[in-house]
Amino acid sequence: AHELAHQWFGNLVTMQWWTHLWLNEGYANFSQTLCANHLFPEYEIWTQFLSHSFIPALELDSLDSTHPVEVDVQSPDSVDEIFDEISYDKGASVIRMLHRYLGEENFRRGMNVYLTRHQYANTRTEDLWKALGETSGKPVEKVMSAWTKQPGFPMVCVDARSEAENTILNLSQTRFFLNGSKDSSNALWAVPIDVVCSMDDKVRSILLEGSSATLELPKLPADGWIKINSGACGFYRTKYSSDLLKRLIPLVSSQTLSPLDRINVLDDLLAMVKAGHTSTVELLEVLKAYKDEEDYSVFMSIRNCTMTLSSLLTHRNELRGLMAPFMRELLSKIYHKLGWEPSE
């Protein structure tokens, strides 16, 4: 599916210059998953996409050494350098986020306009934004420009407060660095955020364009919950307040959240711990809720989390070895179900 997509993105319509390589590779990576999911929905390929593409792109893009999706290529030597996870996996993740923001029908019509208008010709990223904006009626170039021209991505911080008969959700953004450093450039993105909650079945969407915004929700009951980035389509990390994070634990334990969202909660929390924004204790409390987990892709995230914690704890003599009993308890149920020998 990836290579077939190049018949359209690469052959029928060709990038004007290497700066726009992501139009070829990012879209082909997105298409391969979209097509595989259409043909074989039982593979749950979008859940695997999180582990194999989305999370690796977030990890690389949170480093100081990252680069924008669109890189100004001046020499042949620079071309090889941009064939990496940023062009392929961040490119695919950004298109997936845009697909969700526009809706499938608007996205499909926009792609048709783009490919028809520019067939047998060369294009820039702005040509794609223009076609999608025309068909959707949304400010696509304004929303998407920073995602391809700026390095990195935002951390969206979330807390909630009660106000009369409503709950007010406070959202703010700042660039996320894995080493925990602060962003001196004050970079901002237009962040499409999907929010679901226990109070009703609605998916509420907000475009966070400035440094902060609020969203009004129905009153949050004592046992209520709020999940940010529903479906894990947004290319950002979420930092929940301690209260909102604790409210998600029963949903993880009961597997009420989808595998996509269970991966998203754990991986974002691990990133917050590595960057020093959240306590390791909170991560361990949430991690315990995964003891009944049986989904392979979620287990990939659990494995990444426990290996990272084990590596960190080995640097402290008093903590060395404490992860072993924790992991035995965490993995005991799946161990007793699967054992060491393959089933017939």
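Start by selecting residues 191–197, strand E5, together with strand E6: the two pair in the antiparallel sense over five bridges. Keep in mind as you look around that this is a predicted model. For one of the pairings, pick Ile-193, whose bridge partner in E6 is Ile-206.

Now widen the selection to the whole sheet. The sheet is open, has three strands in the order E6-E5-E8, and its pairing is antiparallel. Which strands stand at the edges? They are E6 (204–208) and E8 (226–228); each has a single partner strand, so one side of each is left without a neighbour in the sheet. Looking across this sheet, you will find neighbouring strands turned by 25° against each other on average, direction ignored.

Go back to Ile-193 and show what surrounds it. Leaving aside residues up to four places away in sequence, Ile-193 touches Val-156, Leu-171, Arg-204, Ser-205, Ile-206, Leu-208, Ile-228 and Tyr-236.

Next, turn to the core. The largest nonpolar core has 91 residues, and within it Leu-169 and Ile-193 touch the most other members. To see where the largest share of this core comes from, select residues 259–274: this is helix H10, which supplies nine residues. A second, separate core has six residues, including Met-15, Leu-21, Val-79 and Ile-82. As a general background, nonpolar side chains in soluble globular proteins tend to be buried together.

Leu-21 is a handy link to the next stop, since helix H2 covers residues 21–39. H2 has 19 residues and spans 27 Å from its first C-alpha to its last, close to the 27 Å expected at 1.5 Å a residue. Which residues of H2 are buried? Colour Leu-21, Trp-22, Leu-23, Asn-24, Glu-25, Gly-26, Tyr-27, Ala-28, Asn-29, Phe-30, Ser-31 and Thr-33 to see them.

From H2, move on to the loop between H2 and helix H3 (45–61), where you will find Glu-44. Check its backbone: Glu-44 has a positive phi of about 50° although it is not a glycine. Is Glu-44 buried or partly exposed? With a relative accessible area of 42%, Glu-44 is partly exposed.

For the last stop, select Gln-255, in the loop between helix H9 (242–253) and H10. Gln-255 is not a glycine, yet it has a positive phi of about 60°. Its relative accessible area is 32%, and Gln-255 is partly exposed.

Key: Residues numbered from 1 in each chain as written. Predicted model: local features only at pLDDT ≥ 70, side-chain atom pairs only at ≥ 80, totals over all residues. Heavy atoms only, no water. Helix = DSSP H or I, 4+ residues; strand = E, 2+ residues; numbered from the N terminus. Expected span 1.5 Å × (residues − 1). Buried < 20%, exposed > 50% of the residue type's maximum accessible area, 1.4 Å probe, protein only. Core = buried A, V, L, I, M, F, W, Y, C linked by side-chain atoms within 4.5 Å. Contact = heavy atoms within 4.5 Å. Pairing = 2+ DSSP bridges. Axes fitted to C-alpha atoms, helices over the stretch in contact; angles between N-to-C directions.
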